[in-house]
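Trainee: I have a structure open and would like to learn how to read it. Can we go through it feature by feature?

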Amino acid sequence: MTQIATVSEFGHVLRDLRAQLGLSQADLAGRLRSTQRHVSFLETGRSHPSVHFLSRICRELELSVGQRANLFEASGLRNPYIRRDFQSVEVTQALDMIEARVLNNWPFPALVLDPSWNILRQNQAFSNMFGALIPSENASPNLLSVMLSPTMRDMIANWDEAVHILYFRLQSAAASDPHVADIFATAKSQGVFDNLENLFKTDADVPVYVPIRIALPGGGELQMTSLLGQLASVQDALVEGFEIELMIPTDAQSEALLRQMSAG
């Protein structure tokens, strides 16, 4: 009975995965060099997946670490993708390594976010520049809450342009994270994104990128954007979701100002 339940669970996971990728049973069979009958038997629990077949699915469908972990876990076979938590030594060591080797060597503000946009690590340059906007509490501060706060919105001189960038980034993140989805829904209900249509009412083409223009208290502006990345060789589903955000100035004057501000 246990084996049947496990295989049935695998069938549900495989069907859901196939649906996410927009593949029919025949399409999936073709990608895996198998048969539609075999795929059907796997989804109904009449056949059991082998480690070799699971490895082929992961490879041919280019699955994320999280998808691989779900597939192996549902199969009833040994799951090589350990599900670690934030308190584990290995995850802490990975974050420490990113902070020491990346964030602390970046001359401008930099941080590490989890999928909910909670700030897991930040460098001194980020603290010097944005520390006053971060609530002093024990829980990890949330970058979204900071960016959507009235104070931060008032600081962004080109908010009408920047809000479009934020909208599409949030839309993507909300599809896979319930906390971001809640914040996104609240922001929409508050009218934060009401004027999105205006972006497409101009005759000008959309630019290559839109720098965020931050109005400085003493006058002038700071223009910057961000580089986003993650560890390329990550094999942990939790760490796979961590995003490294490196802020960069977009012109020489902004670079000089940002270096000065980042240095405190």
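**Reading the fold and its pockets**

Mentor: Start with burial: of the 264 residues of the chain, 41% count as buried. Buried means under 20% relative accessible area, exposed means over 50%, and partly exposed lies in between, with a 1.4 Å probe and protein chains only. This is a predicted model, where local features need pLDDT of at least 70, side-chain atom pairs count only at pLDDT 80 or more, and totals for chains, interfaces and linings use all residues. Residues are numbered from 1 along each chain as its sequence is written, and side-chain values use heavy atoms, with hydrogens and water left out.

Trainee: How many helices and strands does the chain have?

Mentor: The chain has 13 helices and 5 strands. Both are DSSP runs numbered from the N terminus: helices are H or I with at least four residues, strands are E with at least two. Along its principal axes, the C-alpha trace spans about 70 × 50 × 30 Å.

Trainee: How do I read contacts along the chain?

Mentor: Contact means heavy atoms within 4.5 Å. Take the contacts in the chain with a separation of 6 or more: residues 24 or more positions apart account for 56% of them.

Trainee: Now the sheet. In what order do the strands lie?

Mentor: First the general idea. Strands of a sheet pair through backbone hydrogen bonds, either parallel or antiparallel. Here two strands pair if DSSP finds at least two bridges between them. The 5 strands form an open sheet in the order β2-β1-β5-β4-β3, with antiparallel pairing. β2 (119-122) and β3 stand at the edges with a single partner strand each, so one side of each has no neighbour in the sheet. On average, neighbouring strands of this sheet are turned by 30 degrees against each other, direction ignored.

Trainee: Which bridges should I look for?

Mentor: Begin with β4 and β5, which run antiparallel and are joined by 6 bridges. Leu227 has Leu246 in β5 as its bridge partner. Thr225 has Ile248 of β5 as its bridge partner. On to β1 and β5: 4 bridges join this antiparallel pair. Ala110 has Leu246 in β5 as its bridge partner.

Trainee: Is β5 mostly covered or exposed?

Mentor: Mostly covered: 6 of the 7 residues of β5 are buried.

Trainee: Which residues of helix α4 are buried?

Mentor: In α4 (residues 51-60), the buried ones are Phe53, Leu54, Arg56, Ile57 and Cys58. Just after α4, Glu62 takes a positive phi of about 50 degrees.

Trainee: How are pockets found?

Mentor: Rolling a probe the size of a water molecule over the atoms shows where empty space is left. On a 1 Å grid over the protein atoms alone, a cavity is a set of points where a 1.4 Å probe fits but cannot get out, while a pocket is an open set with protein on both sides within 12 Å along at least five of seven lines; lining residues have an atom within 4 Å of a point. Grid points are joined across faces, edges and corners, and a volume is the space filled by probe spheres set on the points.

Trainee: How much space lies in the largest pocket, and what lines it?

Mentor: About 620 Å³ lies in the largest pocket. Its lining has 18 residues, with Pro115, Ala173, Ser176, Glu240 and Gly241 nearest its centre. α10 (159-174), β4 (221-229) and α12 (237-240) are the elements that give two or more residues to this lining. α10 gives the most, with 3 residues.

Trainee: And the second largest pocket?

Mentor: This one holds about 480 Å³ of space. Of its 21 lining residues, the closest to its centre are Met147, Arg169, Ile212, Ser226 and Glu245. The largest share of the lining, 5 residues, comes from α10.

Key:
Axes fitted to C-alpha atoms, helices over the stretch in contact; angles between N-to-C directions.
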